[in-house]
Amino acid sequence: MTKITSADHEHFMRRCIELARIAKSHGESPVGSVIVRNGEIIGEGIEGGKANLDITFHAEIEAIRHASQFLQSQDLSDCILYTTHEPCIMCSYMIRHTKITTIFSALSSGEYGGASSNYPLLLDTTIHKWGNPPKVVFGILEEECKKL
């Protein structure tokens, strides 16, 4: 597996910010996400719930859908998710189901976040099928994401 440096984290988060700007220009919430495997982006997503009239078009879910198609597998256990905002509870279920091991997020989502809410699915250890919770890291390019 390719070693990822702090400069790489910023690089991938900058791509998330670009995607968030696209979402915002379409009247959506400014959220962008990428899935990285071995140092390469294999899935990207932007918020699209309004345009698609479908709440499941969250950036994280779209990135997971694209990565799963790319790999032809729902096992993303060797992948990292980067996202401008902490994944919500819905996205957290998908992250756990696909076994993503690490999440880098710029901002916390508070009461509906998958790690910071009263329903921290990202951190849950009681659903044994999911295995170990992913590592969740906040603060990558936090100020840039706040400006969105």
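Trainee: Which residue in β2 stands opposite R37?

Mentor: First, the ground rules: this is a predicted model, where local features need pLDDT of at least 70, side-chain atom pairs count only at pLDDT 80 or more, and totals for chains, interfaces and linings use all residues. Residues are numbered from 1 along each chain as its sequence is written, and side-chain values use heavy atoms, with hydrogens and water left out. Strand β1 (residues 32–37) runs antiparallel to β2, joined by six bridges. The residue opposite R37 is E40.

Trainee: Which residue in the turn of the β1 and β2 hairpin has a positive phi?

Mentor: Strands here are DSSP E runs of at least two residues, and helices are H or I runs of at least four, numbered from the N terminus. Two residues lie between β1 and β2 in the hairpin. The one with a positive phi, about 50°, is N38.

Trainee: What is the strand order in the open sheet?

Mentor: Two strands pair if DSSP finds at least two bridges between them. Five strands take part, with mixed pairing. The edge strands, each pairing on one side only, are β2 (40–46) and β5 (135–138). The order is β2-β1-β3-β4-β5.

Trainee: How far apart in sequence are the parts that the F12 and Y82 pair ties together?

Mentor: Rings of Phe, Tyr and Trp (its six-membered ring) pair if their centres lie within 6.5 Å; planes under 30 degrees apart are stacked, over 60 edge-to-face, the rest tilted. F12 and Y82 are tilted, at 5.1 Å centre to centre and 45° between the planes. F12 lies in helix α1 and Y82 in strand β3, so the parts tied together are apart in sequence by 70 residues.

Trainee: Which residues do ring pairs link into a cluster?

Mentor: Y82 also stacks with F104, at 5.1 Å centre to centre and 15° between the planes. Y82 and F104 are both buried. The cluster is F12, Y82 and F104.

Conventions. Buried < 20%, exposed > 50% of the residue type's maximum accessible area, 1.4 Å probe, protein only.
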